[in-house]
Structures are given as structure tokens and as C-alpha cells.
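Colleague: I'm new to this one and would like to learn how to read it. Could you show me the structure and take me through its features?

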Amino acid sequence: MEEFIAAWIARHGATRDRLLPLLHAMQEEAGHVDDAWVPGIARALNLSRADVHGVITFYHDFRRAPPGRHVVKLCRAESCQARGGAAIEASAARRLGVAMGETRGDGQVALEPVYCLGLCAIGPNALVDGRPVARIDADMLERIALEVAA
Ligand code: FES
């Protein structure tokens, strides 16, 4: 990952405000931002390791471990919660066999929270491998489970 960081810095600069774009680029490249990469990131941007670690752990979107082959993100924001999001989350965890915020042991699927997809009127909502899915109910959840089993 050192080479990736060096190439990215050469294109985009090494100012402190480059931290978030670099982390996003690394996650896009590798699927996650590994803790082992923190010292290299800190050195490249002249930040402390604590600064980098703090940003990675503050933002829910950054993964610190490789994701599952499929990623199901369930909306936990207010409107989806008011439309039964908590019950859908519990059902999804049971049906997919993975707790919220975790990747299933076989690496097939990860279940992650997301906070508002801008589809509030037609919730509860999810992103399945980046594709928005609205009005999730038991039938829709079953379709999602079959989709991510493939
Ligand atoms: S609250 Fe879930 S999409 Fe806005």
C-alpha cells in the first residue's frame, strides 16, 4: 500500500486536508483501510498516527477489515427507524447470519449501518452492493438474502 499512497500523494498533494480523500481512495482500492497502513498514511501527510486513527474510527464508512463479497447496508436514520427499520435490522441479522457491523465468518456478506440514503419517504431502505433498495419488508429481505447467497 506504500506505493499506492506515494502515487496518490504525487497526484493530489500531501497537505493535511488530503486525509479524507486519501482514505476514501484507499478503501476504494483495497475495500478497507487496514490498521497496518496508518503509520504510512500519517508519515505521508505529516499527521500523527492518532490523527489518522481518529478519523478512520470516527466515520462509519471506513472499514478496518476486508468487506464481505456482498455488502448490505441498512439505514438507521430516523425516518427508516420510524418505518420499522429496527425490526428489519433484527430480521436481516437472523436471515443473513451476521450481526450488524460484522462480516459473516465465510466472508460472503457484511451487514453495515448507513445513515440516510435520501429516500426517507419510501423506507425502510438499504444499499445492496451499492444498489438502493426501498420499502424493505420480509419478502424483500428474502430476495436480498437469496441475492447475496450467490
Ligand atoms: S432515513 Fe433512511 S433513507 Fe433517509
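Modeller: Let's begin with a term: a salt bridge is a side-chain nitrogen of Lys or Arg within 4 Å of a carboxyl oxygen of Asp or Glu. Side chains of opposite charge can pair when their charged atoms come close. Here, Arg131 forms a salt bridge with Glu147, and their closest N and O atoms are 2.6 Å apart. That pair links distant parts of the chain, with Arg131 in strand E5 (residues 131-133) and Glu147 in helix H7 (residues 138-149), 16 residues apart. Those element names come from DSSP runs numbered from the N terminus: helices (H or I) have at least four residues, strands (E) at least two.

Colleague: Before we go on, what kind of model is this?

Modeller: It is a predicted model, where local features need pLDDT of at least 70 and side-chain atom pairs count only at pLDDT 80 or more, while totals for chains, interfaces and linings use all residues. Residues are numbered from 1 along each chain as its sequence is written, and side-chain values use heavy atoms, with hydrogens and water left out.

Colleague: How many salt bridges are there by that rule?

Modeller: The count comes to eleven. One of them joins Arg43 to Glu2, with the closest N and O atoms 3.6 Å apart. Arg43 sits in helix H3 (residues 38-45) and Glu2 in helix H1 (residues 2-12), so this pair ties together parts that are 41 residues apart in sequence.

Colleague: Which residues are linked in a network of salt bridges?

Modeller: Asp61, Arg63, Lys73 and Glu112. Within that group, Lys73 pairs with Asp61, their closest N and O atoms being 3.8 Å apart. Lys73 belongs to strand E1 (residues 70-75) and Asp61 to the loop between helix H4 (49-58) and E1, so the pair ties together parts twelve residues apart in sequence. Lys73 counts as buried, at 15% relative accessibility, whereas Asp61 is partly exposed, at 40%.

Colleague: And how do I read a nonpolar core?

Modeller: Think of a set of buried Ala, Val, Leu, Ile, Met, Phe, Trp, Tyr and Cys residues joined through side-chain atoms within 4.5 Å. The largest one here has 19 residues, and Leu22, Met26, Val33, Ile41 and Val52 have the most contacts inside it. The elements giving two or more residues to this core are H1, helix H2 (19-30), H3 and H4. H2 gives the most, with five residues.

Colleague: What does Leu22 touch?

Modeller: Contact means heavy atoms within 4.5 Å. Leaving out residues up to four places away in sequence, Leu22 touches Phe4, Ile5, Trp8, Ile41 and Leu45.

Colleague: What is the order of the strands in the sheet?

Modeller: Two strands pair if DSSP finds at least two bridges between them. This open sheet of five strands runs E2-E3-E1-E4-E5, with mixed pairing. Strand E2 (102-103) and E5 are at the edges with a single partner strand each, so one side of each has no neighbour in the sheet. E2 pairs with strand E3 (residues 109-114) in the antiparallel sense over two bridges. Take Thr103: its bridge partner in E3 is Ala110.

Note on methods:
Buried < 20%, exposed > 50% of the residue type's maximum accessible area, 1.4 Å probe, protein only.
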